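This report walks through selected parts of one protein model, moving from a helix to a sheet and then to a single residue.

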Amino acid sequence: MYDGVTMPHTSAILAGLVAATGFSSFAAAEPAPAAPAAAAVGAESGAPLLRAETIRFTGRHYVADLADGGRAELTLDPRLQQSTEALLRSFQIPFGAAVVVSVPDGRVLALVGQSAADPRLGASDLALRAWAPAASVFKVISATALVENGVMGSARPCYHGGVSSILADNLVDLPAIDRRCDTLAFGLGKSQNAIIAKLASRNLTPGELARVGRSFGFEEAIPFDLPIEPSHLDVPADGLEFARTAAGFWHSTLSPMHGALLAATIANRGDMPAPMLIDRAVDRDGRAIVAPVARPRHVAGAAAAREVGRMMELTTRIGTAKGTFRDRRGRRLLPVDVAGKTGTLSAETDRGYVGYSWFVGYAPADHPTIAFAVVLGNHPNWRIKATYVGRHIVSEYLLATKAPGPRLLASK
């Protein structure tokens, strides 16, 4: 099974955080929605606003000047930051971004944006802006809404089609051709569009799905030390378009930062951590600055988050990311299990064809300490998908924290 539309088969942090160059040139042709304008919300975090153009690596830490003349040490982990930058650079990814946050405190451990197609683009453009459709990552929102409405992962509709599209007949029972019956959990792990669309059309209203989307932070500014563009969500009233929206076909955009926080919310039992980039800071006179700590955002009940998290574990066990996280015998390639959600869509933009590849997730699945999001904008002849970068991030994190077991049991 594939997410959305199938794709054709086949330092620097300084540059990354300089002011955005504008992303209107990335707008996809219809039916992809235009991204909303960026909102400067960094000051709303309560912490001193960074002077992004001054961020530099000292050999041990990333530091930056503050707008008021002080100095800040950042939460970025040099190993995760630099290894992820190097990976995207080595594969000459046309447009790529990754964000890693710690769970439950929301410390940003990596904030990466790289573009082989336009080297002027960095993390401000690619990690903090909603330049990509949410695609099947939005199924996490739909699954949460379904669970909160009493539809558990064991719900088992019968269906047909739904591999790379949603048609009107996918939403009705047709016993003659509904030859498969699978669970909501299977639908999320395998990203089976017909299952999600059918369950959503029968158990949710547009208002209910929009409410859960807003609860997860769509259409809202996320307080942070640098501006984050709000992710967009439009939930149509039309029955077929509503079902397509629930399955991740357009009508929503997502920034990589927001994607990491979505995964962190499920990992953190329904509470979205407040992201933070400043570890410690001093004012212009060298006195310590004590910034208020933002509280987590309550998004969903703990029971619902646990249920959705169990479904997300299937993505790397039997689902759309199995090939990246398991060998041919089904043995995991990392010493821990990873929960996640993939997403794939493609569009013709004024930069040509862009194949969007998402992977959001958290690890270890049974006791999460990090959450992450990766999105790649590939050309038709792509080299890697986002799941590959996600595995790299988890592997590097485990190596840095000296987790027991081998770094990788096998390669793929």
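Helices here are DSSP runs of H or I with at least four residues, strands are DSSP runs of E with at least two, and both are numbered from the N terminus. Residues are numbered from 1 along each chain as its sequence is written, and side-chain values use heavy atoms, with hydrogens and water left out. The model is predicted, so local features need a pLDDT of at least 70 and side-chain atom pairs count only at pLDDT 80 or more, while totals for chains, interfaces and linings use all residues.

Just after helix 2, Gln92 takes a positive phi of about 50°. Buried residues of helix 2 include Leu80, Ser83, Leu87 and Leu88, where buried means under 20% relative accessible area, exposed over 50%, and partly exposed in between, with a 1.4 Å probe and protein chains only.

An open sheet of four strands has the order 1-2-3-11 with antiparallel pairing, two strands being paired if DSSP finds at least two bridges between them. Its edge strands, each pairing on one side only, are strand 1 (50-57) and strand 11 (278-282). Strand 3 (residues 71-74) is joined to strand 11 by four bridges, and Ala72 has Ala281 as its bridge partner.

Thr316 lies in helix 10 (residues 302-317) and, because its relative accessibility is 3%, counts as buried. Leaving aside neighbours within four places in sequence, its contacts (heavy atoms within 4.5 Å) include Phe325, Val338 and Phe359. The table gives polar contacts, which are pairs of N or O atoms within 3.5 Å; within protein, one must be able to donate a hydrogen and the other to accept it, and residues adjacent in sequence count only if both atoms are side-chain atoms.

| Side chain | Backbone atom | Distance |
|---|---|---|
| Thr316 | oxygen of Glu313 | 3.3 Å |
| Thr316 | oxygen of Val338 | 2.5 Å |
| Asp77 (oxygen) | nitrogen of Arg79 | within 3.1 Å |

The chain averages a pLDDT of 87, and 86% of the residues score at least 70; pLDDT is the predictor's confidence in each residue, from 0 to 100. Over residues 4-47 the pLDDT is below 50, and over residues 403-412 pLDDT stays under 50. Where pLDDT is low, the predicted coordinates should not be read in detail.
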